[in-house]
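Here is a note for a colleague who is new to reading protein models. Please keep the sequence and the 3D view open while going through the numbered points.

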Amino acid sequence: QVQLLESGGGLVQPGGSLRLSCAASGSIFTINAMGWYRQAPGKQRELVAISTGSTNTNYADSVKGRFTISRDNAKNTVYLQMNSLRPEDTAVYYCNALVRDYEGYIGNYWGQGTQVTVSS
């Protein structure tokens with residue numbers, strides 16, 4: 001089993017910054033991908049940013065140029081630096097990881113979610 005522990009959410013004013021962290025632990029052989037999704041009230045969960053391999057990243061159009069995803073592979077941790085935050089970024093942010101364990105099983109795991117609120 002794999003656990004994802006998120007931290008870093010909170011309340012911030014428009015234009016401010018936050019950094020989310022997500023650490024994976026458990027039966028991990030390799031992490032094929034790590035990323036962040038978000039879900040606002042009344043809306044579907046959507047991809048924010050994802051990191052695959054050592055250098056490949058993809059972002060939702062709405063966050064390009066404002067958010068940066070990065071990984072520390074030695075710590076099995078992914079970060080999301082969020083700058084120039086807007087009220088429409090308000091959502092619960094979920095960490096996601098595609099993990100291969102030592103038996104060769106590839107599982108898709110989710111964190112518990114962390115609330116990000118952008119408001120004055």
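1. Contact, as the word is used in this note, means heavy atoms within 4.5 Å. Leaving aside neighbours within four places in sequence, Ser-21 is in contact with Leu-5, Glu-6, Ser-7, Trp-36, Val-78 and Tyr-79. Ser-21 is found in strand β3, where helices (H or I, at least four residues) and strands (E, at least two) are DSSP runs, numbered from the N terminus. With a relative accessibility of 16%, Ser-21 counts as buried, a term that stands for under 20% relative accessible area, while exposed stands for over 50% and partly exposed for what lies in between (1.4 Å probe, protein chains only).

2. Before going further, please note that this is a predicted model, in which local features need pLDDT of at least 70, side-chain atom pairs count only at pLDDT 80 or more, and totals for chains, interfaces and linings use all residues. Residues are numbered from 1 along each chain as its sequence is written, and side-chain values use heavy atoms, with hydrogens and water left out.

3. On the overall fold, the protein chain has zero helices and eleven strands, so that from the N terminus on its elements run β-β-β-β-β-β-β-β-β-β-β. Its C-alpha trace spans about 50 × 25 × 25 Å along the principal axes. The radius of gyration is taken over C-alpha atoms, and the globule rule is 2.2 Å times the number of residues to the power 0.38. For 120 residues a compact globule would have a radius of gyration near 14 Å, and the protein chain agrees with this, having 14 Å.

4. Turning to the interior and the surface, buried residues make up 41% of the 120 residues in the protein chain. Of the contacts between residues at least 6 apart in sequence, 55% join residues at least 24 apart. The protein chain exposes about 6400 Å², of which carbon and sulfur atoms supply 47%; accessible areas come from the Shrake-Rupley method with a 1.4 Å probe, and for residues only the protein chains shown count as cover.

5. How many disulfides does the model contain, if a disulfide is a pair of cysteine sulfur atoms within 2.5 Å? By this rule the count comes to one disulfide, formed by Cys-22 and Cys-95, whose sulfur atoms are 2.1 Å apart. Cys-22 lies in strand β3 (residues 18-26) and Cys-95 in strand β9 (residues 91-100), so the pair ties together parts that are 73 residues apart in sequence. The link of Cys-22 and Cys-95 is left-handed, with -80 degrees about the S-S bond, and both Cys-22 and Cys-95 are buried.

6. Are Ala-33 and Ile-106 buried or partly exposed? Ala-33, whose place is in strand β4 (residues 30-39), has a relative accessible area of 9% and is therefore buried. Not counting residues up to four places away in sequence, Ala-33 touches Ile-50, Ser-51, Thr-52, Arg-71, Asn-96, Ala-97 and Leu-98. Ile-106, found in strand β10 (residues 106-110), is partly exposed, with a relative accessible area of 44%. With residues up to four places away in sequence again not counted, Ile-106 touches Asn-32, Leu-98, Val-99 and Arg-100.

7. Gly-15 and Ser-84 can be looked at together. Gly-15 has its place in the loop between β2 (10-12) and β3, and its relative accessible area of 55% makes Gly-15 exposed. Although Gly-15 and Ser-84 are 69 residues apart along the chain, their C-alpha atoms are separated by 4.1 Å. Not counting residues up to four places away in sequence, Gly-15 touches Ser-84 and Leu-85. Ser-84 itself lies in the loop between β8 and β9 and, at 40% relative accessibility, counts as partly exposed.

8. Finally, a point on backbone angles that deserves a careful look. Most residues other than glycine have a negative phi, and most peptide bonds are trans. Ser-84, however, has a positive phi of about 50 degrees although it is not a glycine. Asn-76 also has a positive phi of about 50 degrees without being a glycine. Asn-76 lies in the loop between β7 (67-72) and β8 (77-82), and at 24% relative accessibility Asn-76 counts as partly exposed.

Definitions and conventions:
Disulfide = S-S within 2.5 Å.
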